[in-house]
Amino acid sequence: MAGIATLVAAGYHVITSSSLALSPPGQAFKFAEIVGKPGASIVDYSKFFSEYVNAIKASDIRELLKIVEKGNVISLAGGLPDPRSFPKEEIARIAMEVIERFGEKALQYSPTRGVSYFLEALKNFSKRHGIAVNDEDGIITTVGSQQALYILGRALLNPGDYVVTEEPTYLGMLQAFRGVGVRYLTVPIDEDGMRTDKLEEVLKKAKSEGLRIKMIYTVPTCHNPAGTTLPMDRRRHLLELAEEYDLLVVEDDPYSFIAFEERDVKPLKTLDRSGRVIYMSTVSKILAPGLRLGWAIGPDPLISKMELVKQEIDLHTSTLSQYIAAEAMNRGIIDKHIPFIKRLYREKRDAMLAALEEYMPEGVKWTKPIGGLFVWVWLPEGINSRKLLQKAIEKGVVFVPGDSFYPSGGGENTMRLNFSYPSPEEIREGVRRIAEAIKEYKAG
Ligand SMILES: Cc1ncc(COP(=O)(O)O)c(CN)c1O
Ligand SMILES: O=C(O)/C=C/CC(=O)O
């Protein structure tokens with residue numbers, strides 16, 4: 001189609017259903033939207049697109065998944081759990097029993113907030129894992145915690161509102177809030193995560209400028225993408241600042257259940273004394289992402305507004321997934337399985353850190369996560385990781401360019417490496433190939 005050739009000539013990658021047309025060598029690796037199947041009709045569909053859909057852009061993580069699915073690349077990109085972490089036999093048995101025992105309910109429509117059978121199980125599971133669920137809290141189930149972010153954005157944010165977040169921050173949050181027209185104030189990180197001393201400076205300056213800040217969004221434990229974990233003093237400082245500046249705090253926490261090195265830290269939700277924290281998590285990393293089951297726990301007035309938004313989106317979260325997860329929680333299957341997941345990911349984290357140490361050239365730095373699925377890498381200034389990705393793909397390895405995680409630009413010399421999905425051998429070889437691409441990039 002003429003349109004595709006034009007896009008490719010303009011330096012775009014055009015990912016169509018049948019081929020991956022790489023842009024000319026050396027051009028920036030840009031993610032185009034899907035422009036339709038070759039041979040499609042000649043209708044100009046773009047004139048039908050909404051302003052909303054024209055304002056949003058594809059997720060680099062999701063787009064890279066399409067390259068990975070085509071095979072023969074080592075993926076250090078998407079944060080896919082190791083399939084061995086899915087307790088398949090137990091899930092199969094539970095699904096059968098749940099349909100036999102609760103079929104009429106488990107296969108039926110259910111309340112928007114969630115099935116009480118699951119909500120009860122989740123409350124007990126959360127408390128067992130040190131997450132405070134107070135009497136004044138509400139809980140809502142969502143289609144993954146990605147939907148919790150989307151719904152929260154629509155319930156709380158107006159165009160022009162500010163969200164404060166660490167930099168880099170979670171790409172999925174940027175995606176979820178993008179359509180709202182929100183603006184960001186960013187706070188730098190160090191090896192312990194968000195610099196709350198800098199947070200204080202950002203808030204003080206914003207107040208003097210009369211900016212309307214609604215919330216602080218953070219991933220305090222095993223950060224995605226940085227891999228950092230906020231120490232207790234900074235957690236307390238962050239909550240004090242939220243109190244002082246009258247802000248809400250969104251604690252996005254998919255990973256604390258599987259942190260494979262102990263740290264004496266408590267969830268912000270548990271430290272919160274003034275009802276400012278909305279805590280969100282998911283079964284994606286402790287059971288299976290394909291169940292698409294996440295949740296938000298927070299002050300009931302906020303949860304009620306999220307419930308209104310969710311009613312408009314999908315009526316309710318999968319009833320069957322909730323019954324399966326409730327049984328997995330109540331039977332202790334998740335708790336029994338967590339030590340295996342921790343061992344699995346610690347081994348892979350160690351493989352990645354060893355490979356980085358062995359292969360990376362001078363000037364490359366990286367984080368040393370105590371859990372989660374990612375290592376964050378800083379390349380020497382002047383190396384553009386999006387261009388490097390082009391070379392990496394030619395060598396059969398992919399990673400996520402770091403600028404995807406920067407709300408207001410920057411991060412061109414950074415990248416995120418995933419260790420949960422590849423084997424230790426693939427991690428080692430993938431890092432070796434990236435290091436080779438860096439050396440070739442530097443050689444010009
Ligand atoms: C910080 C963070 N928040 C939210 C999510 C979304 O998780 P899910 O939608 O699978 O529950 C992820 C998954 N990568 C994540 O890393
Ligand atoms: O890599 C991530 O952070 C998110 C993974 C979930 C997804 O596949 O989009």
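1. How many salt bridges does the structure hold? The structure holds 33 of them, a salt bridge being a side-chain nitrogen of Lys or Arg within 4 Å of a carboxyl oxygen of Asp or Glu.

2. Some ground rules come next. This is a predicted model, in which local features need pLDDT of at least 70 and side-chain atom pairs count only at pLDDT 80 or more, while totals for chains, interfaces and linings use all residues. Residues are numbered from 1 along each chain as its sequence is written, chains are lettered from A and ligands numbered from 1 in the order in which they are written, and side-chain values use heavy atoms, with hydrogens and water left out.

3. Lys66 pairs with Glu63, and their closest N and O atoms are 2.8 Å apart. Side chains of opposite charge can pair when their charged atoms come close. Lys66 and Glu63 are 3 residues apart in helix α3 (residues 60-69), so about one helical turn separates them. Helices (H or I, at least four residues) and strands (E, at least two) are DSSP runs, numbered from the N terminus.

4. Ligand 1 has 13 residues around it, and Ser145, Asp252, Tyr255, Thr282 and Ser284 come nearest. A residue counts as near if one of its heavy atoms lies within 4 Å of the molecule. The shell divides into 4 nonpolar, 6 polar and 3 charged residues. Here Ala, Val, Leu, Ile, Met, Phe, Trp, Tyr, Cys and Pro count as nonpolar, Asp, Glu, Lys and Arg as charged, and the others, Gly among them, as polar. Helix α6 (residues 144-156) gives the most to this shell, with 3 residues.

5. Which atoms meet the oxygen atoms of ligand 1? A backbone N or O atom of Ser145 lies 2.7 Å from an oxygen atom of ligand 1. For a polar backbone atom of Gln146, the distance to an oxygen atom of ligand 1 is 3.0 Å. Asn224 uses a polar side-chain atom, 2.8 Å from an oxygen atom of the ligand. On its own, ligand 1 has 410 Å² of accessible area, of which the protein covers 92%; such areas come from the Shrake-Rupley method with a 1.4 Å probe.

6. Ligand 1 sits in the largest pocket, and ligand 2 also sits in the largest pocket. A pocket is found on a 1 Å grid over the protein atoms alone, as an open set of points where a 1.4 Å probe fits, with protein on both sides within 12 Å along at least five of seven lines. A molecule sits in a pocket if more than half of its atoms lie within 2 Å of its grid points.

7. Around ligand 2 are Ile61, Arg62, Gly78, Gly79, Tyr170, Asn224, Phe374 and Arg416, which divide into 3 nonpolar, 3 polar and 2 charged. Polar side-chain atoms of Arg62 and Arg416 lie 2.7 Å and 2.6 Å from an oxygen atom of ligand 2. A polar backbone atom of Gly79 is 2.7 Å from an oxygen atom of the ligand. The protein buries 81% of the 280 Å² that ligand 2 exposes when taken alone.

8. The backbone has some points to check. Most residues other than glycine have a negative phi, and most peptide bonds are trans. A cis peptide bond joins Glu167 and Pro168, with omega about 5°; Pro168 is in the loop between β6 (162-167) and α7 (171-178). Another cis bond joins Asn224 and Pro225, with omega about 15°. Asn72 has a positive phi, near 40°, and is found in the loop between α3 and β4 (74-75).

Notes:
Polar contact = N/O pair within 3.5 Å; in protein donor to acceptor, adjacent residues only side chain to side chain. 1 Å grid on protein atoms, 1.4 Å probe; cavity = no way out; pocket = protein on both sides within 12 Å on 5 of 7 lines; lining within 4 Å.
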